[in-house]
Amino acid sequence: MIVIACALLGAIIGSMTAKRRKGNRADMWQYGTVYAIAFALGGLILTIAIEKLVF
């Protein structure tokens with residue numbers, strides 16, 4: 001669940017970043033995808049850390 005939430009948040013932030021930098025639609029897709037992958041990886045690491053600490 002954390003991974004999906006982080007991926008969605010990353011996609012939104014990435015698209016907004018590209019839009020702020022005056023990018024076109026393809027730039028917004030690319031930034032959104034890259035940020036989503038990066039945030040999902042961070043969410044995965046966070047999920048594993050939480051699982052190791054709690055159980």
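**Exercise 1.** Decide whether Lys22 is buried or exposed.

Solution. First, locate the residue: Lys22 lies in the loop between H1 and H2. Helices are DSSP runs of H or I with at least four residues, numbered from the N terminus. Next, take the relative accessibility of Lys22, which is 75%. Buried means under 20% relative accessible area, exposed over 50%, and partly exposed in between, with a 1.4 Å probe and protein chains only. Lys22 therefore counts as exposed. Finally, look at the backbone: phi of Lys22 is near 65°, a positive value in a residue other than glycine.

The model is predicted: local features need pLDDT of at least 70, side-chain atom pairs count only at pLDDT 80 or more, and totals for chains, interfaces and linings use all residues. Residues are numbered from 1 along each chain as its sequence is written, and side-chain values use heavy atoms, with hydrogens and water left out.

**Exercise 2.** Classify Thr17 as buried or exposed, and find which residues Thr17 is in contact with, leaving aside its neighbours within four places in sequence.

Solution. Thr17 sits in helix H1, residues 2–20. Its relative accessibility is 7%, so Thr17 is buried. Contact means heavy atoms within 4.5 Å. With those sequence neighbours set aside, Thr17 touches Tyr31 and Tyr35.

**Exercise 3.** State where Ile2 is found and whether Ile2 is buried, partly exposed or exposed.

Solution. Start with the element: Ile2 belongs to helix H1. Then apply the cut-offs: the relative accessible area of Ile2 is 32%, so this residue is partly exposed.

Methods. Helices (H or I, at least four residues) and strands (E, at least two) are DSSP runs, numbered from the N terminus.
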